[in-house]
Amino acid sequence: MAASSRSLLRVLPRCQSLFFTCRAPSVSCSSLTANRQQHVRSYAATKQKEKKEKKEEKVQEKVVKEKKKVDDKDRHKPYGLTYWAPVDDVYMVRYYPKPVYETPVAIEMLKNFQKLDFSPENQPVYINLRLDMKLEKKKKVDPFVSTIHLPHPFKSDNNRIVVFTENPDQARIAMDNGATVAGGAELIDKILVDEITADFYLAEPDILQKLLPLKNKLRKKFPKSKRGSVGINIPRMLALFKTGHEYMVEDIHVNTQVATLDMPKECILENIHAIVKDVASHKPAEFGPFIDRAIICSRSSEGLHIKIDEWLPQEEKKA
């Protein structure tokens, strides 16, 4: 009995020591977690901000790279195509460059297409010109509108012209020189309700302010000094617009009618030459050719690429 009591007394102190040593780490762990909750890490947020700033800098530094033109003259085949010309009679058109014809040959081909298609002989002939609008550095040629006299007009009737003037004498002169209607601000209401329509609208400088209600109605036909439809010399303006042919630049293209297919080949050729020459005159020759590509077609035919290099102004070589 005495031995058992002694062994019990020996075990109890050891259990108490173990009990207190196990509780001590729990206190220390809770204090550590409290300290961790109080400490806040700030470096993660700063890294995200730095990434955003770097991205913004990269976006600002980005420069739009212009597509470089590949010179295919000395290559054995065009870039991205199979060969310069097909060998077989049947071939995939997209694998070969489109043929470029002499202008007289292309006109003759259009006439042959009309016979094969049994389409109208008097259908219109169009020309599409792609322009290089670049000048020195970042400057470009502004889109323009031009009116010229074709050597061989294809319209049977003269253009309908309205002349705005508050001077009765000038109105009488305009009517004598071929104007359809001439008058002052009293014509505005009639034009707004489509009682009066015309191909061109001419005006004197003094009456322009009164014509502002017509700006949304006429849009591109509204009289402007850049187009030559605003001036003092009314007979001279009428002589230009009465039988003139107008074309305009849309983006980098000129698409306009040049003739009808039933006209002689020589007449169509001279009309094309006149339009190409007038378009090329809007850019100095020292900045390179203005017209990159020329295509002619009729209403019922495919487009044919034509050569116009001989008609373009050449840069004068300095001695």
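Here are some notes on the structure above, as numbered points.

1. **The model.** This is a predicted model, in which local features need pLDDT of at least 70 and side-chain atom pairs count only at pLDDT 80 or more, while totals for chains, interfaces and linings use all residues. Residues are numbered from 1 along each chain as its sequence is written, and side-chain values use heavy atoms, with hydrogens and water left out.

2. **Overall make-up.** The protein chain has eight helices and 10 strands (DSSP runs numbered from the N terminus: H or I of at least four residues for helices, E of at least two for strands). Of its 319 residues, 31% count as buried; here buried means under 20% relative accessible area, exposed over 50%, and partly exposed in between, with a 1.4 Å probe and protein chains only. Among contacts in the chain with a separation of 6 or more, 67% are between residues 24 or more positions apart (contact means heavy atoms within 4.5 Å).

3. **Helix α4.** In α4, residues 168–176, the residues Gln170, Ala171 and Ala174 are buried. They lie on the same side of α4 because they cover an arc of only 105° around the axis (the arc of the directions from the helix axis to the C-beta atoms). An α-helix has 3.6 residues a turn, so residues three or four places apart point the same way. The face turned away from the buried side carries the exposed residues Pro168 and Asp176. As for neighbours, the buried residues of α4 pack against β4 (161–164), β5 (181–183) and α7 (234–243).

4. **The two ends of α4.** At the start of the helix, a side-chain oxygen of Asn167 comes to within 3.0 Å of the backbone nitrogen of Asp169. This is a polar contact in the sense of a pair of N or O atoms within 3.5 Å; within protein, one must be able to donate a hydrogen and the other to accept it, and residues adjacent in sequence count only if both atoms are side-chain atoms. Just after α4, Gly178 takes a positive phi of about 105°.

5. **Strands β2 and β8.** Asn128 lies in β2 (residues 124–131), and Val254 has its place in β8 (residues 253–260). Their C-alpha atoms are 5.6 Å apart in space, although the two are 126 residues apart in sequence. Both are buried: Val254 at 1% relative accessibility and Asn128 at 18%. Leaving out residues up to four places away in sequence, Val254 touches Ile127, Asn128, Leu129, Leu131, Tyr247, Met248 and Val249. With the same exclusion, Asn128 touches His253, Val254, Asn255, Arg293, Ala294 and Ile295. The side chains of Asn128 and Arg293 are joined by a polar contact of 3.3 Å.

6. **Lys283, a buried lysine.** Where does Lys283 lie? Its place is the loop between α8 (265–280) and β9 (291–298). Lys283 is buried, with a relative accessible area of 4%. A polar atom of its side chain lies 3.0 Å from the backbone oxygen of Lys134. Not counting residues up to four places away in sequence, Lys283 touches Asp132, Lys134, Leu135, Val141, Gly288, Pro289 and Phe290.

7. **Cavities.** A search of the whole structure finds two cavities of 30 Å³ or more. On a 1 Å grid over the protein atoms alone, a cavity is a set of points where a 1.4 Å probe fits but cannot get out, and lining residues have an atom within 4 Å of a point; grid points are joined across faces, edges and corners, and a volume is the space filled by probe spheres set on the points. The largest cavity holds about 40 Å³ of space, and Lys283 is one of its lining residues, as are Pro284, Phe290 and Leu312, among others.

8. Most residues other than glycine have a negative phi, and most peptide bonds are trans. Asp194 has a positive phi near 65°; this residue is in the loop between α5 (188–192) and β6 (200–203) and is partly exposed, at 47% relative accessible area. Arg219 also has a positive phi, of about 55°. Arg219 sits in the loop between α6 (215–218) and α7 and counts as exposed at 65% relative accessibility.

Definitions and conventions: 1 Å grid on protein atoms, 1.4 Å probe; cavity = no way out; pocket = protein on both sides within 12 Å on 5 of 7 lines; lining within 4 Å.
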